Amino acid sequence: MGFNLGDGKVEQRGDGKPAGALRRGWTTGACATAATKAALTALFIGEFPDPVEIVLPKGETPAFALNRTGLESGRAMAAIIKDAGDDPDVTHLAEIVATVHFGAPGSGIVFSAGPGVGTVTRAGLPIPPGEPAINPVPRRMIRGVIDDLCAHHGRAADVAIEISVTDGEALARQTWNPRLGIVGGLSILGTTGIVHPFSCSAWIHSIHRGVDVARAAGLTHVVGATGSASEDAARALYPELPESAWLDMGDFAGGLLKYLRVHPVDRVTIAGGFAKLTKLAQGAMDLHSGRSQVDSAFLADIAGDLSPDQADALRPAILAANTAKAVLELCAGEGIDLSAAIAERARQSAADILRGAPVTPHIVVVDREGAILARTD
């Protein structure tokens, strides 16, 4: 048997929505549970079940094919390739590895992070600092299969379980883990065991955990940016903020603001491009181009309010413009500061979403090169 993790291959999926029905996938937690069941079964009977079936929290019973196995010297290893279905998940096709051995009598079930699985270093996450980044539901699922197998074979559940992810440390750099204080690799995640394609829930969940970490650290100011250019611009404004103050908000302004409504910090800054913040100013909470659109009539109304003398002449040109950027340039050419007006409207919209929570919202509008066009603070 060899416990070398080898060179796993990870396929980067595009953002384009595939044609036809979307296929569900399985979480890293489900894969880790199945790998654990296969490895522990081999310790008991000397053979690996392949495929290996598990029961998910809602009763579904998927079966997983094994990618690699190993058994020697009282240790067993099983590896499963994660299938995320049609979700553009960074861990799609990652290899999830479980290595188990029996522990000392009375030791119970002990989790450890192998290569590619992170360790929690900051408070505010569901797992305390110092623990491997294996979330509560995957832990319960893994404990469940260990308890069941040990009971079936008449042995106490004294089992050491190490979860690894091939190339997980490199993959983790594409996730929120470094910012959340999870070092050394990925988290083992999942609440149902199922990945629903193109679901927003995982991203919003990570935003919420970022707020939790910031609050646990005593921070009073957090920043959510729609992309890297806006984040870089905001970082130049607030160089004093620690890494845990920076939230990967993406398009989910509503997901951030609604969570802050019940888990407040003193101040939130939302930084983004003109088009996305126009959508926030319109009242949209999801700023993705597939789920909200810039309303050119809305921009024409604002431009008309800012320059009543030019309203009649500008409106047809604004309504005919192809992009928000074109409207911005058109207004700038007429001496109208549309960015400042959008920043203020977006701030008002954010305040409306916060519904009186003790959080002061601020807005930073940037262009595509990251130059600041307007700010409300």
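How much space lies in the second largest pocket? In this predicted model, the second largest pocket holds about 430 Å³ of space. Its lining consists of 19 residues, and those that lie nearest its centre are Gly273, Phe274, Val366, Asp367 and Arg368. Two or more residues of this lining are given by each of the elements α6 (228-237), β16, α8 and α11 (324-333), and the largest share, 4 residues, comes from α8.

Strand β17, which covers residues 360-366, runs antiparallel to strand β18, which covers residues 372-375, and the two are joined by 3 bridges. Together β17 and β18 form a hairpin with 5 residues between them, and in the turn Gly370 has a positive phi of about 95°.

The chain as a whole contains 12 helices and 18 strands, and its C-alpha atoms fill a box of roughly 85 × 45 × 35 Å along the principal axes. Of the 377 residues in the chain, 49% are buried. Among the contacts with a separation of 6 or more, 69% are between residues 24 or more positions apart. The average pLDDT of the chain is 90, and 93% of the residues score at least 70. Over residues 1-20, however, the pLDDT is below 50, although this stretch has 45 contacts in the model beyond near neighbours in sequence. Where pLDDT is low, the predicted coordinates should not be read in detail.

A search of the whole structure finds 1 cavity of 30 Å³ or more, and the volume of the largest cavity is about 70 Å³. The residues that line this cavity are Trp176, Arg179, Leu180, Ser206, Ile207, Gly210, Val213, Ser244, Trp246, Leu247 and Asp248. At least two residues of the lining are supplied by each of α4 (177-180), α5 and β15, with the largest share, 4 residues, coming from α5. The lining of the largest cavity comprises 6 nonpolar, 3 polar and 2 charged residues.

Ser206, which is one of the residues lining the largest cavity, has its place in helix α5. Ser206 counts as buried because its relative accessibility is 14%, which is under the 20% cut-off. When its neighbours within four places in sequence are left aside, Ser206 is in contact with Trp176 and Leu180, and both of these residues also belong to the lining of the largest cavity.

Helix α7, which spans residues 253-262, is mostly covered, with 7 of its 10 residues buried. The buried residues of α7 are Ala253, Gly254, Gly255, Leu256, Leu257, Tyr259 and Leu260. These residues pack against α5 (201-216), β14 (221-225), β15 (246-247), β16 (267-273), α8 (274-281) and α12 (338-354). Among these partners of α7, α5 and β15 each supply at least two residues of the lining of the largest cavity, whereas β16 and α8 each give two or more residues to the lining of the second largest pocket.

Note on methods
Residues numbered from 1 in each chain as written. Predicted model: local features only at pLDDT ≥ 70, side-chain atom pairs only at ≥ 80, totals over all residues. Heavy atoms only, no water. Buried < 20%, exposed > 50% of the residue type's maximum accessible area, 1.4 Å probe, protein only. Contact = heavy atoms within 4.5 Å. pLDDT = per-residue confidence, 0-100. Pairing = 2+ DSSP bridges. 1 Å grid on protein atoms, 1.4 Å probe; cavity = no way out; pocket = protein on both sides within 12 Å on 5 of 7 lines; lining within 4 Å. Points joined across faces, edges and corners; volume = space filled by probe spheres on them. Nonpolar A, V, L, I, M, F, W, Y, C, P; charged D, E, K, R; others polar.
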